[in-house]
Amino acid sequence: MDAGAIWDLIILSPMINIMVVLTRFLFNNLGLSIIVLTIVIRAVMYPLSRRQLQSSKKMQELQPKMAEIQKKYAKDRQKLAKEQMALYKEAGVSPTGCLLPMIIQMPVWIALYQSISRVLATTPEELLNLSRHIYTSWPIVFDQVPLNSQFLWLDLGAPDKIILLPILVGATMWIQQKMTTPSYSDPQQQTNSQMMLWMMPLLFAFMSLSFNSGLALYWLTSNIISIVMQYFISGWGPLATMFRKQPEKKPPAKLTSSSGQITQKKGDLQGTNPTAEKGKKPWMFWK
Amino acid sequence: MNTRIIKNSLALVALIVGLLLLASCTGGVVARGWAGVSMIDDTLIFATMTGKIYSVDKTGTVLGTPVNLVVSASGGLSCIPTCSGSQTRPVAMYASPGVAGDLVYFAGNDGRVHAYQLVDGRLRDQTRWIYPPEGGLGSVIIGGLTVANNKVYLSSANGTVYALTAPEGYKEWSYSIGGKIWSAPAVGTDTVYIGSFDKKVYALDINTGTKKWEYETEGAITAAPLVNDGIVYFGSYDRHMYALDTSGKLVWKFPATDNITNSPQNWFWVTPVLQNGILYAPCLDGKVYMLDAATGGFMDAIDLRYNNDKGSISSSPVIVDNTLVIAVSDLAKKTSRVYAIDTNSQGVKELTGFTTEAINAPLFAADGIVYIHTTTDNFYGLNAQNGALQKFSLTTSK
């Protein structure tokens, strides 16, 4: 038996059949089934997700110290690595702590994603392919397929024509990203993270425009669950600063050094943009 | 901007896109179609998965220039395997081309019917007519078309049945069922029969399209019904084969069950065939159920699975004299075998096998030769008696 057949047998086929049965019990509504199955799987995976988020949070908290070390040992890579490991050890953080839970969860996400694609069966090829995964011993499954793909205003087997779903996918992903995007003291890292803050939501919004709505609904549900989980683990994070009343800025008299460079102190303003320190034009994505 | 940042960001985006495509493409299927073969005046008509239509003589010589059927591509990531870098994609067709007089008809997922004239065995490059002339039917055509009584009958996937005049392509009538339709219409004496995703079979008046009756099963119906001697035979996704009379009353129904465990099996995906009072009902479970056409009584189930019980019958079989020719495919491994079943003795003989090709397209027979279109877009001619196989190369002469 090859790897594909094992994958189908152990992961994909069970998930497809569960989704079909769920649809049957959720008023023959595939949209509800996608939402409920996503919630259930996220709930089952919660311990791993929590570990991943907590580990990620700890890593963020270490960023200022990490930046100091990087600055201090910029020219000695061996020493830098040693100091970084020491810092991780001291803080009780594993650098792979957020990676391992993610890797463990990955096959489940891929299977869920594939299951949604398969049960939608928008072409005869897909429907024929779906017949291979249906359990002959589960009588209610056979009569149920092909599933009704109508949900609210959506045909789950086609992209959303009024583009509301792609906008929601992009917006929720942005919120989720914003909640976890820290401020970096390293200007390059800061620019990089800000770029990703926008790039990922835009990418997924674009994909939601061309992929079927069933998958976009899964992404939306998953994003909302991530936001809720993130909130309960570490609060609103950097997102909260957006809605706080910003303190009035002091006149920029102290910001200019004798050399004419901007020398604003770190921490004068929350969410300081470190690129300003070097007099560079700041990255404007988050404005 | 710093080149390192650009590189890192692009790498991350590429990784995400790659993962998504991997997830969607592993087994994810793009509509390519599986058109069967037709014949008009000794000229074979082949419609490929690349949207090309060839007229070919029996020796395999391509006559004239193939017609190219394409549709504007909507773009987007999900269609990368077929349309990246191009503005059009081939029209996917799931049924055999229809023929009447010197016209050949095609319908596919561009939502239009195309009529081409065949002159001296060559397809004219200009269409005789297209229906609808502008735009499309608002939906793809999966079920294909049926030509009878100088009319072209077809259904669009959004649930509307159409009758067009065959020579000109004018609409005679249309009837909206509401449920999704992937079934081709079957034409009786005065009635058009069609199955739907809404689990019903509909009988429509052949002249006006008005509904005469409907019959509800417990599963979707995607194969065209078979009409014979006032009985309408069809299979459903509820794993039953049905026989109705022309007034819509149930004559009999038969469940596709395993005769050992008595557990229900798979869907009836293709149209059954009838010979000498026996209905041969192929099922996706890899068996052909032999039923008494009059009573629905079970006679036998011929198990055609191979390689550790793998195989589904996803291609409509044909009768050649006293031989039922039927293809069985392992859909996962993309292999297939073609069998001949003697309709007198029920003896089974393997005619040929393909190690890298499955068969979903309906088989077509003429003059003792069975024409096969495989999933790798190859066309073959198979002698129904001795299994001799001819592959058509489809290279156009200079």
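This report looks at domains in chain B and a helix pair in chain A.

## Ground rules

The model is predicted: local features need pLDDT of at least 70, side-chain atom pairs count only at pLDDT 80 or more, and totals for chains, interfaces and linings use all residues. Residues are numbered from 1 along each chain as its sequence is written, while chains are lettered from A and ligands numbered from 1 in the order in which they are written.

## Domains of chain B

Chain B splits into domain 1 (32-224), domain 2 (235-299) and domain 3 (304-398), with bounds from an automatic or database domain assignment. Between domain 1 and domain 3 of chain B, the C-alpha centres are 23 Å apart.

Here 19 residues of domain 1 of chain B are in contact with 16 residues of domain 3 of chain B (C-beta atoms, placed from the backbone, within 7 Å). On the domain 1 side of chain B, E4(B) gives the most, with 3 residues (strands are DSSP runs of E, at least two residues, and helices runs of H or I, at least four, numbered from the N terminus). That side has 11 nonpolar, 8 polar and no charged residues (nonpolar: Ala, Val, Leu, Ile, Met, Phe, Trp, Tyr, Cys and Pro; charged: Asp, Glu, Lys and Arg; polar: the others, Gly among them).

## A helix pair in chain A

Over in chain A, helix H9 (residues 164-180) packs with helix H11 (residues 213-234) at about 25°, their axes 9 Å apart (axes are lines fitted to C-alpha atoms over the stretch in contact, and angles run from 0 to 180 degrees between N-to-C directions). So H9(A) is roughly parallel to H11(A) (under 35 degrees).

The residues where H9(A) contacts H11(A) come out as 13 nonpolar, 7 polar and no charged.

Methods:
Contact = placed C-beta atoms within 7 Å. Parallel < 35°, antiparallel > 145°, perpendicular 65-115°, else oblique.
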